Amino acid sequence: AIPSAIPSAIPSAIPRDCIIIGSGLAGLSIALEMATKTNRQVTVISRDTESTIASYAAAGMLAPQSERLPKGPLLDLCLSSRSSYSSFVSSLESLTSLSVGYRSNGGFIAPAFSGDSVSNFSPPKESGSAQWLDSIQVRELEPRLSKDVVGGWWFGDDASVDARLLTEALKKACEER
């Protein structure tokens, strides 16, 4: 089992081939991969049980297009990550029998205001499907948008995951390893 939180004084009886510092999404994902794909004994050290708060707030969007990243290595990495997420989620849900709230059946809207960076943005063709919606079309999808919105980009390939459910599933998977 991979402890998800260790007190500040680590008992010497805990095997430690590999120590991961941090029990957020990154730390737990790395710990699970290490425990699953190697013969290592993995220990996760966390300052406290509240360390996952950042994961709850900052994770969930699998939306490199919505971020309007320019063509280049970062966009390539984010697109690759988005395309592999489905298999990661399937493996984790199968391992834990928990849903992580993964949604890939519709994307994100990046609303645009007159003259802002979104209205002047042109998505790289290799980043996936993108469609410009006028002000009427964008409000059909998001009725509560500001009246000042002139349109927006619809990125149908972007996806999302429930960060809280994902964190809990990773914790469970790690604890069962």
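The chain exposes about 10,200 Å², of which carbon and sulfur atoms supply 53%. The model is predicted. Of the 177 residues in the chain, 34% are buried. When contacts between residues at least 6 apart in sequence are considered, 71% of them join residues at least 24 apart.

**Secondary structure and sheet**

Five helices and seven strands make up the secondary structure of the chain. Along the sequence these elements follow the pattern β-α-β-α-β-α-β-β-α-β-β-α.

An open sheet is formed by three strands in the order β4-β6-β5, with antiparallel pairing. Its edge strands are β4 (108-113) and β5 (131-134), each of which pairs on one side only. From one strand to the next, the twist averages 25 degrees. The antiparallel pairing of β4 with strand β6 (residues 149-155) extends over six bridges. Ile109 stands opposite Trp154 of β6.

**Helix α5**

Helix α5 spans residues 163-175 and has 13 residues. The distance from its first C-alpha to its last is 18 Å, close to the 18 Å expected at 1.5 Å a residue. At the start of α5, a side-chain oxygen of Asp162 comes to within 3.0 Å of the backbone nitrogen of Arg164.

Which residues of α5 are buried? They are Ala163, Leu166, Thr167, Ala169, Leu170, Lys171, Ala173 and Cys174. An α-helix has 3.6 residues a turn, so residues three or four places apart point the same way.

Glu93 has its place in helix α3 (residues 73-96). A polar atom of the Glu93 side chain lies 2.9 Å from the backbone nitrogen of Val100. Val100 is also among the residues that Glu93 touches beyond four places in sequence, together with Leu98, Ser99 and Gly101.

Ile19 belongs to strand β1 (residues 18-21). Beyond its neighbours within four places in sequence, Ile19 is in contact with Thr43 and Ile45.

Asp158 is located in the loop between β6 and β7 (159-160). Its side chain makes a polar contact of 2.5 Å with the side chain of Arg82. Excluding residues up to four places away in sequence, Asp158 touches Leu62, Ala63, Pro64, Gln65, Ser66, Arg82, Gly106, Gly107 and Phe108. Phe108, in this set of contacts, falls within the edge strand β4 (108-113).

The relative accessibility of these residues is set out below.

| Residue | Relative accessibility and class |
|---|---|
| Glu93 | 27%, partly exposed |
| Ile19 | 38%, partly exposed |
| Asp158 | 0%, buried |

Why does Asp158 count as buried? Its relative accessible area is 0%, and buried means under 20%. Glu93, at 27% relative accessibility, counts as partly exposed, because this class lies between the limits of under 20% for buried and over 50% for exposed. Ile19 counts as partly exposed at 38%.

Conventions:
Residues are numbered from 1 along each chain as its sequence is written. This is a predicted model: local features need pLDDT of at least 70, side-chain atom pairs count only at pLDDT 80 or more; totals for chains, interfaces and linings use all residues. Side-chain values use heavy atoms; hydrogens and water are left out. Helices (H or I, at least four residues) and strands (E, at least two) are DSSP runs, numbered from the N terminus. Buried means under 20% relative accessible area, exposed over 50%, partly exposed in between (1.4 Å probe, protein chains only). Contact means heavy atoms within 4.5 Å. Accessible areas come from the Shrake-Rupley method with a 1.4 Å probe; for residues, only the protein chains shown count as cover. Two strands pair if DSSP finds at least two bridges between them. Axes are lines fitted to C-alpha atoms, for helices over the stretch in contact, and angles run from 0 to 180 degrees between N-to-C directions. The expected span of a helix is 1.5 Å times one less than its number of residues. A polar contact is a pair of N or O atoms within 3.5 Å; within protein, one must be able to donate a hydrogen and the other to accept it, and residues adjacent in sequence count only if both atoms are side-chain atoms.
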